[in-house]
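Please open the structure in your viewer and keep the sequence beside it, so that each selection can be found in both places. The tour goes from one stop to the next, and each stop begins with something to select.

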Amino acid sequence: MLTLSSDPNNISQVEQLVRQLASRYHLNQEKHDNLLISLTEAVSNAIIHGNKQDRSKTVSIRFSQVTDGALAIRVSDQGGGFNYDSLPDPTCPERICECGGRGVFLMNQLCDKMRYINGGSTVEMQFRL
């Protein structure tokens, strides 16, 4: 487990964690890259949107190997969560030039399974090993 204060500068610590996980689970380059991008987005969202960059709040990253041969990673913040079912589709033609909303879309595309827990204050991503 890794716990970070909600300082955007701490997002850089995700890279070292991903290197450790890639080595431990013998991830190929594609899996490594998918994990790095997804986890960076999740931690960034937790710090910026979930905890509103309140440095007194933390973001925790927990990982475990699940029984069906996948690595599960949970990113939790101390914010109030969000309604993940109401996120607009960033690929719609009318939203293509708008900023924001692409991180969750990317995470969905790059991990094998994703779900929100605790009203959206925790995201669990699974990557097949």
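In which strand does Ser-60 lie? Select Ser-60 and you will find that this residue belongs to strand E2, in a model that is predicted. Ser-60 counts as buried because its relative accessibility is 13%, and buried here stands for values under 20%. If you show its surroundings and set aside residues up to four places away in sequence, Ser-60 touches Leu-2, Thr-3, Arg-74, Val-75 and Ser-76.

Now colour the whole chain by secondary structure. The chain has 3 helices and 5 strands, and, starting from the N terminus, these elements follow one another in the order β-α-α-β-β-α-β-β. Of its 129 residues, 41% count as buried. Among contacts between residues at least 6 apart in sequence, 60% join residues at least 24 apart.

Next, go to the nonpolar core. Select Leu-39, Val-43, Ile-61, Val-75 and Met-125, which touch the most other members among the 28 residues of the largest nonpolar core. Helix H1 (13–24), helix H2 (29–50), strand E2 (58–66), E3, H3, E4 and strand E5 (122–128) each give at least two residues to this core, and H2 supplies the largest share, with 6 residues. Keep Val-43 selected and show its contacts: apart from neighbours within four places in sequence, Val-43 is in contact with Leu-4, Ile-11, Val-14, Ile-61 and Val-75.

From there, move to Lys-57, which is found in the loop between H2 and E2. Lys-57 counts as partly exposed because its relative accessible area is 27%. Leaving out neighbours within four places in sequence, the contacts of Lys-57 are Leu-4, Ser-5, Ser-6, Asn-51 and Gln-78.

The next stop is a pair of rings. Which two residues form an aromatic pair that is edge-to-face? A search of the whole structure finds 1 aromatic pair, and this pair consists of Phe-82 and Tyr-116, with 5.2 Å from centre to centre and 85° between the planes. The pair links distant parts of the chain, since Phe-82 sits in the loop between strand E3 (70–76) and helix H3 (102–110), while Tyr-116 sits in strand E4 (residues 113–117), 34 residues apart. Phe-82 is partly exposed because its relative accessibility is 33%, whereas Tyr-116 is buried because its value is 17%.

Tyr-84 is placed in the loop between E3 and H3, and it is partly exposed because its relative accessibility is 31%.

Now look for charged partners, of which there are 6 salt bridges to find. Start with Arg-19 and Glu-15, which form a salt bridge whose closest N and O atoms are 3.6 Å apart. Because these two residues are 4 residues apart in helix H1, Arg-19 and Glu-15 are separated by about one helical turn.

Then select Lys-31 and Asp-112, whose salt bridge has its closest N and O atoms 3.1 Å apart. This pair links distant parts of the chain, with Lys-31 in helix H2 and Asp-112 in the loop between H3 and E4, 81 residues apart. Another salt bridge joins Glu-124 and Arg-115, with the closest N and O atoms 3.0 Å apart. In this pair Glu-124 is buried, with a relative accessible area of 8%, while Arg-115 is partly exposed, with 40%.

Finish with the backbone. Most residues other than glycine have a negative phi. Select His-26, which is not a glycine and yet has a positive phi of about 55°; His-26 is found in the loop between H1 and H2, and it is exposed, with a relative accessible area of 71%. Asn-118, which is not a glycine either, has a positive phi of about 55°; Asn-118 lies in the loop between E4 and E5 and counts as exposed because its relative accessibility is 56%.

Technical notes. Residues numbered from 1 in each chain as written. Predicted model: local features only at pLDDT ≥ 70, side-chain atom pairs only at ≥ 80, totals over all residues. Heavy atoms only, no water. Phe/Tyr/Trp six-rings, centres within 6.5 Å; stacked < 30°, edge-to-face > 60°. Buried < 20%, exposed > 50% of the residue type's maximum accessible area, 1.4 Å probe, protein only. Core = buried A, V, L, I, M, F, W, Y, C linked by side-chain atoms within 4.5 Å. Contact = heavy atoms within 4.5 Å. Salt bridge = Lys/Arg side-chain N within 4 Å of Asp/Glu carboxyl O.
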